[in-house]
Amino acid sequence: MTAAPRPQQLRVGRLTKAHGLKGAIKLELYTDDPERRFVPGAEFSLQVPESSPWHGRHLTLRELRWYNGHPVGFFEGVDDRTAAEGLIKAILWVDQPADEESEPDAWYDHQLVGLAVVRDGERIGEVAHVDHLPAQDLLVVRSGGREVMVPFVSAIVPEVDLEAGTVTVTPPAGLFEELPETPDAASADGERDADAE
């Protein structure tokens, strides 16, 4: 008898700030479909430091409300502000049903790891792993014998093509290579000095 495949997980939000005194927590949503993901009874796996008392535990949603356009969650077992503050920066994950289509522009870590990283049509490395940080995700790219952390934002990573096996990057100068000391500024100063004579 073979074990059932482990469900893939989808990162759907991050807890950002305690709201009020009754355990409510403001949310940053990472899903285009909060009405489906954040329903009463929805259960979330928590990504928190190992030192957190919430490490290895789940969080169950009682209710999602909106205040001034910001989502605020009420969770079972989080009944006061102190409990809410203990969950700040926690990242929420849900199991994705096997028969559910992926959300647009949402990828699992296992889909990204190993993809070729391409700049200006040339391969410059490959994705080693993905770091999920509170501010943003980072693609850790193995390039030229070192690891380069690339912010996983559309301005720097405009395209992920799973079929082609590539991630296209448009990094700022100096991210993948050392910038040489530019003599232009010094020579320009020299030219101005010569003109003054």
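I took two strands as paired where DSSP finds at least two bridges between them. The model is predicted, and I kept that in mind throughout.

**Strand pairing**

I began with E1, residues 9-19, and its partners. On one side I looked up E2, residues 24-29, which pairs with E1 in the antiparallel sense over six bridges. Within that pairing I found Leu-27 of E2 as the bridge partner of Leu-15.

I then looked up E6, residues 91-95, which runs antiparallel to E1 and is joined to it by five bridges. Here Leu-10 has Val-94 as its bridge partner in E6.

**Aromatic rings**

I counted two aromatic pairs. I looked at Phe-44 and Phe-75, whose pair is edge-to-face, with 6.4 Å from centre to centre and 80 degrees between the planes. Phe-44 belongs to E3 (residues 43-47) and Phe-75 to E5 (residues 70-75), so their pair ties together parts that are 31 residues apart in sequence. Both residues are buried. With Phe-38 they form one aromatic cluster.

I also looked for charges over rings. The charged end of Arg-57 sits over the ring of Trp-54, 4.1 Å from the ring centre. For Arg-65 I noted its charged end over the ring of Phe-74, at 4.4 Å from the centre.

**Cores**

Which residues have the most contacts inside the largest nonpolar core? I listed Leu-15, Phe-44, Leu-59, Phe-75, Leu-87 and Leu-92, in a core of 22 residues. E1, E2, E3, E4 (58-67) and E6 each supply at least two of its residues. The largest share, four residues, comes from E1. Apart from this core I found another, of 17 residues, with Leu-115, Val-148, Ile-156 and Val-169 among them.

**Confidence**

I checked pLDDT last. The chain averages 81, and 79% of the residues score at least 70. Over residues 1-6 the value is below 50, and I found zero contacts for this stretch beyond near neighbours in sequence. Residues 184-197 stay under 50 as well, with zero contacts beyond four places in sequence. Where pLDDT is low, the predicted coordinates should not be read in detail, so I left both ends at that.

Technical notes:
Residues numbered from 1 in each chain as written. Predicted model: local features only at pLDDT ≥ 70, side-chain atom pairs only at ≥ 80, totals over all residues. Heavy atoms only, no water. Phe/Tyr/Trp six-rings, centres within 6.5 Å; stacked < 30°, edge-to-face > 60°. Buried < 20%, exposed > 50% of the residue type's maximum accessible area, 1.4 Å probe, protein only. Lys NZ or Arg CZ within 6 Å of the ring centre and 35° of its normal. pLDDT = per-residue confidence, 0-100. Contact = heavy atoms within 4.5 Å. Core = buried A, V, L, I, M, F, W, Y, C linked by side-chain atoms within 4.5 Å.
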